[in-house]
Amino acid sequence: MNGSYSYWLVVGSVIVAVLASYTALDLATRITASRGRNARLWLFGGAFSMGTGIWSMHFIGMLAFSLPIPMGYDAPMTLLSMLIAIVVSGFALFMVSRDNLAWQNLLLGGVLMGLGIASMHYTGMAAMQTSPPIQYDALLFIASIVIAILASLAALAIAFTLRKDSLWMVYAKYIAAVIMGLAITGMHYTGMAAAQFAPDTICLTGSTVDNSWMAGTIALVTFLVLSTTRVLSAFDARMAARTARMAASLQKVNAELKHMVLHDPLTMLPNRLLLEDRIGQAIGACRRAGARCAVLFVDLDRFKSVNDSLGHFVGDELLRATAERLRGAMRAEDTVSRLGGDEFVVLLRQIERDEDATLVGQKILEVAAAPFAINGQELSVTASVGASIFPDHGATAQMLITNADAAMYHVKKSGRNAMQVFSPSMSTFFPDRLALENDLRHALERHELELHYQPKVDVRSGKMIGMEALVRWRHPRRGLVNPVEFIPLAEETALIIPLGQWVLREACRQNKAWQEQGLQPLRIAVNISGAQLRHDGLVDHVALALRETGLEARYLEIEITESVVMQNASSTVAMLDRLSQMGVHLAVDDFGTGYSSLSYLKRFPLNTLKIDSSFVRDLLTDRNGAVIVEAIIALAHSLKLEVVAEGVEEAAQLSCLQSLGSDQYQGFLHSKPLTAVDFARRLGQGGEPAPEHALP
């Protein structure tokens, strides 16, 4: 018995095969680009979509074939053939999503996939349930299986090759999909040609519906499934590309932040943080090799006179020119850094003898003494140089820098413009510094310390919503001493621990007193130094201060600079966890000036991130600064952190911060730090800024 084909259904089956092939190639890209749960979802969903497409092509091809007798299909057998198609598709997608596809695996996969497709086809043919059963031409039967295997090998190889998501591969996929679709339909119609029907054949299932309507329905449903899959794939690809761009952008910003943290912004030389790291590396290398290294402290003589007489612009240009000269005079393996002001430090990574440090110091004096041509005028300066040598003058970076500084100061006292190597007879402290340290030791017992309070203001409403406690020293002879002068001194000695404890307790006491007076309850922020954080009793001191003053933990915020946080990350995590469990809020202060690592923000139980004032100062003049601030705010908000911008002094800066999405700000635009009396008066007035700071 001979059958005939409906050619428009044959064409429809080819189109479905091509669509299924293109979907398979596209899904290979998505599975490869995904990881974990998403990859598994794409594999299962892709197997269903691709398998449905291949099965639909096969079934439409069968419906295209008609005999002069009524035809029907057994439903369980038809569904079994569909299940085989889905399983085969899942196997194929799994194969091409692997990192490598060796030729042995390709061959084995092609054979198994080809046999699976052939099984699907002949299971579908068996669903006709004819009597007598269908007979197959052996040669064409074998040819159909061989074609299925070859088509599977080609499909796996093409899908593995074209699974990248680049532009030219998109066009290559169109051509490959046509080739794969023709190969699959070729196998099908070869298998159909192998089928032989006896003249007295009858279909035991009988006819159910018109073949054309059934084929059209299947084709439409399949087209919808494949189209939906393709749309989801395209949407996922776009989202993946957007995520990749955001990750690259954050990575770039992080790299810029790290460079800013480790380099002086004026001269682009390494700063103290990077210098100490390199000195540490040099010390380690010298210990292993039994060698020596040297640190030279360079200070320009009478630099303040240049600044005062010619202005800071000329002074900055002089510092840049000095940095270039020093860098050009040193070896590539040596390090030239700027600590701040007119202070430079040179690391000689390895020296043969102590006299080498003296020779380099003399060379620096000659380089500094040569006239500078700056802003149309000639300037001449001199330098004072002190040197320390490992291991004679110190075993740590801090000791070597301190002793080189002492040697340089000895040169200053002796007349400047000279070079001196450290000796134990040189004092490591300046005379007035020793006096200041002695006075600071008695400041607490003499009640010379006091706290000033700077408001934290909501960016949108302009209302005061918090405050920061700032310690001040009212010296009986010096007057109000700048914290920049005595806080570093306290940190270098053991004085920072009792000083920090007093600040913490006084801040809690004053905040509780204001609440008992009926004033608006606000959270008060207290800075914690690195020495305090390393002190084992910090958490106990915080708990004691809260218990003795009666202040609730939620009204206290601890601020820690990011460089301090990262000095001992593991112990810091445990300590911050305990504080967070108590209900104390935690903030990272001066973000962008320390390590600026994006990873630690996730590790620690933080509530607030404070943007350093140096970034705010450059908001209106440096486009890159604004981009960095925007990235920091976006990062903080993605981690559910509040953002506080420090150092806001102009209305235009506040307007920019409002547009970038900052939550709070501090700065002279609203108020300078206030005494307890003035702050209470301001708080009683509803936290409004003073008239001279009122916003337009």
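Helices (H or I, at least four residues) and strands (E, at least two) are DSSP runs, numbered from the N terminus. This is a predicted model, in which local features need pLDDT of at least 70 and side-chain atom pairs count only at pLDDT 80 or more, while totals for chains, interfaces and linings use all residues. Residues are numbered from 1 along each chain as its sequence is written, and side-chain values use heavy atoms, with hydrogens and water left out.

**Figure 1. Overview of the protein, with 24 helices and 22 strands.** Of its 696 residues, 50% are buried (under 20% relative accessible area; exposed is over 50%, partly exposed in between; 1.4 Å probe, protein chains only).

**Figure 2. Helix α22, residues 623–638.** Buried positions in α22 include Gly625, Ile628, Ile632 and Leu635. Lys640, which follows α22, has a positive phi near 60°.

**Figure 3. The salt bridge between Glu548 and Arg505.** A salt bridge is a side-chain nitrogen of Lys or Arg within 4 Å of a carboxyl oxygen of Asp or Glu. Here the closest N and O atoms are 3.0 Å apart. Glu548 belongs to helix α17 and Arg505 to helix α15, so the pair ties together parts 43 residues apart in sequence. Glu548 is partly exposed at 45% relative accessibility, as is Arg505 at 36%.

**Figure 4. The salt bridge between Lys610 and Glu559.** The N to O distance is 3.0 Å. Strand β20 holds Lys610 and strand β18 holds Glu559, so parts 51 residues apart in sequence are tied together. Both residues, Lys610 and Glu559, are buried. They belong to a network of salt bridges that also links Lys456, Glu468, Glu557 and Glu646.

Definitions and conventions
The expected span of a helix is 1.5 Å times one less than its number of residues.
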